[in-house]
Amino acid sequence: MPYKAKFKVWRGDVEGGELRDFLVEVNEGEVVLDIIHRLQATQAPDLAVRWNCKAGKCGSCSAEVNGRPRLLCMTRMSTFTEEETVTVTPMRTFPVIRDLVTDVSFNYTKAREIPSFTPPADLAPGDYRMQQVDVQRSQEFRKCIECFLCQNTCHVVRDHEDNKDAFSGPRFLMRAAELEFHPLDTADRVPAAQEANGLGLCNITKCCTEVCPEHIRITDNALIPMKERVADRKYDPIVWLGSKLFRRTK
Amino acid sequence: MTSGVGAPARASIPARTLRTDRWWLPPLLTNLGLLTFIVYATVRSFMGKWYVVEQYGYLTPFYSPCLSESCLPGSSHFGTPLPELPGWIPLGFVALPFLLGFRLTCYYYRKAYYRSVWQSPPACAVAEPHGSYSGETRLPLIVQNAHRYFFYVALVVSVINTYDAIVALTHGLGLGNLVLLLNVVLLWAYTLSCHSCRHIAGGRLKHFSKHPLRYRAWTLVSKLNVRHMQLAWTTLGTLVLTDLYVMLVASGTISDLRFF
């Protein structure tokens, strides 16, 4: 049954803004992005929102709904009661451009800081061969749709703007892990993860995992294994001695 | 709040969080749970009595191994190489610091107390109260990287606890034996589900296909690892339950239910 829902939507830009109240129709089966589009069509034609696929696969419509980082297109209205006020704001970690649209270029800067896939020098493209069992760990991380909700919710940068230089965020530490685990990647990712990407700043409170719409176990499968590899190198003299004595490689 | 969500250029929203759910409840429950265990464990560790039932061979894990001449008869399964201890030193002092270290540096407990005790952050998308943050990059928190060493010692202590449970079985079978065995099984599950164990078992490899046995071990530990949080809390409960049962039987408050 259609009903009128109470919405609060943040309107503004870098100069300032506020939460504005709207009363808007909701129909069965709709998601929050549908309601935002209805607002654009009926009450706020200049409301800015970034969106694309409406299927939870492009990662464009990231925002915060009732304070929780979510994809607007994957947040069903049926999860709210009809009496509940639904508050929609832009992501609060990145600079705002206008209304629900933020400048996520921080993430592209961090992406460029991760050295790309580095196959063996004597292996030509087309000759890559690997066992499924060896590549499967990296494949989980390939599900990432780069919605940057994990980057947005990570308190290291969300609550401390000054950490943005030193910390790449969970998405790009996961990218380092993806390449580190890749059977054909020859680059040494571990020192860079700790030093350049700021892995030591992560205190594994798992918010990145909680908000991931692809349900990637970022903390357990990427960040903690990378922390353990750093511990191998920097904090475990036994592993260090063993690798020297027995010349063990991975 | 000028450096976090209130930083210039971000959307101007005065509220620390706009979450409408009870986000404060999990950290509150975590604090209560941890505080309860710490108070109980501290009191029992320093109590110095009712930790062994000689007749049935029950020994509480809080006093194992008991290596001092101060230990009551039947509690020293590995002899008494240490002299009598003053009352302010817990009789389980050999293992307790390492078990505490194992849990303090555990990846799950870190998440739990960073969120609940240190509020960093108290919940996802709820601004933390601290003005600066350096994570685990400097002392004292850089010591968290020593988790694997505590894991190694915890393995030894698990073997000792298993031995204690087996020794108790040589005295017959009672409800206390089942409590001790349940505790030991869950302690093993918690210890083996540790993230460092997962890494050591096979996680550090790049090519699983070259190490099929270690891959198998990694797979098994990974299955347990998914339950690490549940096991962390369950074992706190079974440690208290086991100790409480031994204390009640040892003090004569209840009698052990004997099967044979």
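This is a predicted model: local features need pLDDT of at least 70, side-chain atom pairs count only at pLDDT 80 or more; totals for chains, interfaces and linings use all residues.
Residues are numbered from 1 along each chain as its sequence is written, and chains are lettered from A and ligands numbered from 1 in the order in which they are written.

The C-alpha atoms of chain A occupy a box of roughly 70 × 40 × 30 Å along the principal axes. Chain A holds 10 helices and 7 strands; helices (H or I, at least four residues) and strands (E, at least two) are DSSP runs, numbered from the N terminus. Of the 250 residues in chain A, 44% are buried. A residue counts as buried if 20 or more other C-beta atoms lie within 10 Å of its own, as exposed if 12 or fewer do, and as partly exposed in between, with C-beta atoms placed from the backbone. Among contacts in chain A between residues at least 6 apart in sequence, 61% join residues at least 24 apart; two residues are in contact if their C-beta atoms, placed from the backbone, lie within 7 Å.

Chain A is divided into domain 1 (3–102) and domain 2 (105–246), with bounds that come from an automatic or database domain assignment. Taken over C-alpha atoms, the centres of domain 1 of chain A and domain 2 of chain A are 31 Å apart. Their contact takes 12 residues from domain 1 of chain A and 13 residues from domain 2 of chain A.

A nonpolar core is a set of buried Ala, Val, Leu, Ile, Met, Phe, Trp, Tyr and Cys residues joined through C-beta atoms within 7 Å. The largest nonpolar core has 84 residues, of which A:Leu72, A:Val88 and A:Leu173 touch the most other members. Helix 6 (residues 170–181) of chain A gives the most to this core, with 7 residues. This core lies between domain 1 (3–102) and domain 2 (105–246) of chain A, because both give residues to it. Not counting residues up to four places away in sequence, A:Val88 touches A:Phe7, A:Val9, A:Trp10, A:Val32, A:Ile36, A:Ala63, A:Val65 and A:Leu100. Apart from this core lies another, of 26 residues, among them B:Tyr63, B:Ala165, B:Ala168 and B:Leu231.

Strands pair if DSSP finds at least two bridges between them. Strand 1 (residues 3–13) of chain A runs antiparallel to strand 2 (residues 16–26) of chain A, joined by 11 bridges, and a hairpin connects the two through 2 residues. A:Trp10 has A:Leu19 as its bridge partner in strand 2 of chain A. Strand 1 of chain A also runs parallel to strand 5 (residues 85–89) of chain A, with 4 bridges; here A:Lys6 stands opposite A:Thr85.

In chain B, the 23 residues of helix 8 (residues 228–250) should span 33 Å at 1.5 Å a residue, and the end C-alpha atoms are 32 Å apart, which agrees. The expected span is 1.5 Å times one less than the number of residues. B:Gly252, with a positive phi near 80°, follows helix 8 of chain B.

The contact between the chains takes 44 residues from chain B and 50 residues from chain A. On the side of chain B that touches chain A, the largest share, 5 residues, comes from helix 3 of chain B.
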